[in-house]
Amino acid sequence: MRISTSAAVRIMCVSLLLLCAAGAQGEPASKAAPESQKDAQTVKQALAEFNSLIGGWRGVGMIKRNSRKGAWSENAEWVWKFKPGSTSIAYEITDGKFLKSASLSYDPEQKHYQLATVLPDGTSRDYTGSLSKDTLVLESTPDSEGAIYRMSIRRLNEKRTLVLFEQRNKGQSFYYRLAEVGYTREGTRLADPGSGGPECIVTGGAGTIQVSYQGKTYFVCCSGCKQAFDEDPETYIAEAKQKAEERRKQKSN
């Protein structure tokens, strides 16, 4: 079948328009990817402030400080969690009286931490807050009765952490204590980053678990980081090399 000159011109024009449209549609996607990666790195860096919590803890809860009346024992574990488009730290509690589990995340736009909790009765409560020195202070929104709850996670040192639970009722201007859990780290002492001990290749925390890739040994700090490394070892090895190079340059300046 013969095609006239005018028809051929029209076909060429349509083809060019389709190519231009495809290029225009693809351009924003390529520009959006670095922003998403930047947010992911911001979240990871913010949560890395809590690398000292990663691992297992033995806790003693007290309603009234220094009083065994109503006291209880519980265990807890903090573990990194990596999912597509989401990075968080899980806080799992066994035999807890005030918490069953929680997930700590960070909002890079609002620049605050978020803690989504599950209470022992299965209900949920969400908190937002900020870090001040070694203490993360988080508040909930008012519940149906106007009560606001506050949690303070205070890291005393590498072996001791306190979690304080408080409440402020509607119309009150002050918080009153509900309970406090004093945690002691399980097992042996973990090395501090930069102290000479092994460093987690994924988050930069204290490395306690060995992993290997292409015959070389590395360290991670928890099961979550081990899974992340196993799924994409080359990315984390490259990031670790870049961080090491940046530290070397800072020391030389």
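Reply: Contact here means heavy atoms within 4.5 Å. The model is a predicted one.

Me: Which residues does lysine 44 touch, not counting residues up to four places away in sequence?

Reply: Lysine 44 belongs to helix H1. With neighbours up to four places away in sequence left out, lysine 44 touches Trp80, Val202, Thr203, Tyr236 and Glu239.

Me: Is lysine 44 buried or exposed?

Reply: The relative accessible area of lysine 44 is 10%. Buried means under 20%, so lysine 44 counts as buried.

Me: How many helices and strands does the protein chain have, and what share of its residues is buried?

Reply: The secondary structure of the protein chain consists of three helices and twelve strands. The chain has 253 residues, and the buried share is 36%.

Me: Are H2 and H3 roughly parallel or roughly perpendicular to each other?

Reply: Helix H2 covers residues 223-231 and helix H3 covers residues 233-252. Their axes lie 5 Å apart, and the packing angle is about 105 degrees. Angles of 65 to 115 degrees count as roughly perpendicular. The relation of H2 to H3 is therefore roughly perpendicular.

Me: Which residues of H3 are met by residues in H2, and how is the contact made up by class?

Reply: On the H2 side, the residues are Ala228, Phe229, Asp230 and Glu231, and they meet Pro233, Tyr236 and Ile237 in H3. By class, this contact of H2 with H3 has five nonpolar, no polar and two charged residues.

Me: Which residues are the closest to the centre of the largest pocket?

Reply: The largest pocket holds about 680 Å³ of space. Its lining has 27 residues, and the closest to the centre are Phe82, Lys83, Gly85, Ser86 and Thr87.

Me: Which element gives the most to the lining of the largest pocket?

Reply: Two or more lining residues come from each of helix H1 (5-47), strand E2 (72-83), strand E3 (86-94), strand E4 (101-107), H2 and H3. By class, the lining has eight nonpolar, twelve polar and seven charged residues. The element that gives the most, with seven residues, is H1.

Me: Which residues line the largest cavity, and which elements each supply at least two residues of the lining?

Reply: The structure holds one cavity of 30 Å³ or more, and the largest cavity has about 30 Å³ of space. Its lining consists of Trp72, Glu74, Tyr91, Lys97, Phe98, Leu99, Phe165, Val181 and Tyr183. By class, seven of these lining residues are nonpolar, none is polar and two are charged. The elements that each supply at least two are E2 and strand E10 (176-185).

Me: Is glutamate 92 buried, partly exposed or exposed?

Reply: Glutamate 92 lies in strand E3, and touches Asn75, Ala76, Glu77, Lys100 and Ser101, with residues up to four places away in sequence not counted. Its C-alpha atom is separated by 6.5 Å from that of alanine 102, ten residues apart along the chain. Because its relative accessibility is 43%, glutamate 92 counts as partly exposed.

Me: What is the phi of aspartate 95, and what is the phi of lysine 111?

Reply: Most residues other than glycine have a negative phi. Aspartate 95, in the loop between E3 and E4, is exposed at 56% relative accessible area. Lysine 111, in the loop between E4 and strand E5 (112-118), is exposed at 63% relative accessibility. Neither is a glycine, yet phi is positive in each: about 65 degrees for aspartate 95 and about 60 degrees for lysine 111.

Me: Is threonine 135 buried or exposed?

Reply: Threonine 135 is part of strand E7 (residues 135-140). Residues up to four places away in sequence aside, threonine 135 touches Ser130, Ser152, Ile153 and Arg154. Its relative accessibility is 19%, and the cut-off for a buried residue is under 20%. Threonine 135 therefore counts as buried.

Note on methods: Residues are numbered from 1 along each chain as its sequence is written. This is a predicted model: local features need pLDDT of at least 70, side-chain atom pairs count only at pLDDT 80 or more; totals for chains, interfaces and linings use all residues. Side-chain values use heavy atoms; hydrogens and water are left out. Axes are lines fitted to C-alpha atoms, for helices over the stretch in contact, and angles run from 0 to 180 degrees between N-to-C directions. Helices (H or I, at least four residues) and strands (E, at least two) are DSSP runs, numbered from the N terminus. Angles under 35 degrees count as roughly parallel, over 145 as roughly antiparallel, 65 to 115 as roughly perpendicular and the rest as oblique. Ala, Val, Leu, Ile, Met, Phe, Trp, Tyr, Cys and Pro count as nonpolar, Asp, Glu, Lys and Arg as charged, and the others, Gly among them, as polar. On a 1 Å grid over the protein atoms alone, a cavity is a set of points where a 1.4 Å probe fits but cannot get out, and a pocket is an open set with protein on both sides within 12 Å along at least five of seven lines; lining residues have an atom within 4 Å of a point. Grid points are joined across faces, edges and corners, and a volume is the space filled by probe spheres set on the points. Buried means under 20% relative accessible area, exposed over 50%, partly exposed in between (1.4 Å probe, protein chains only).
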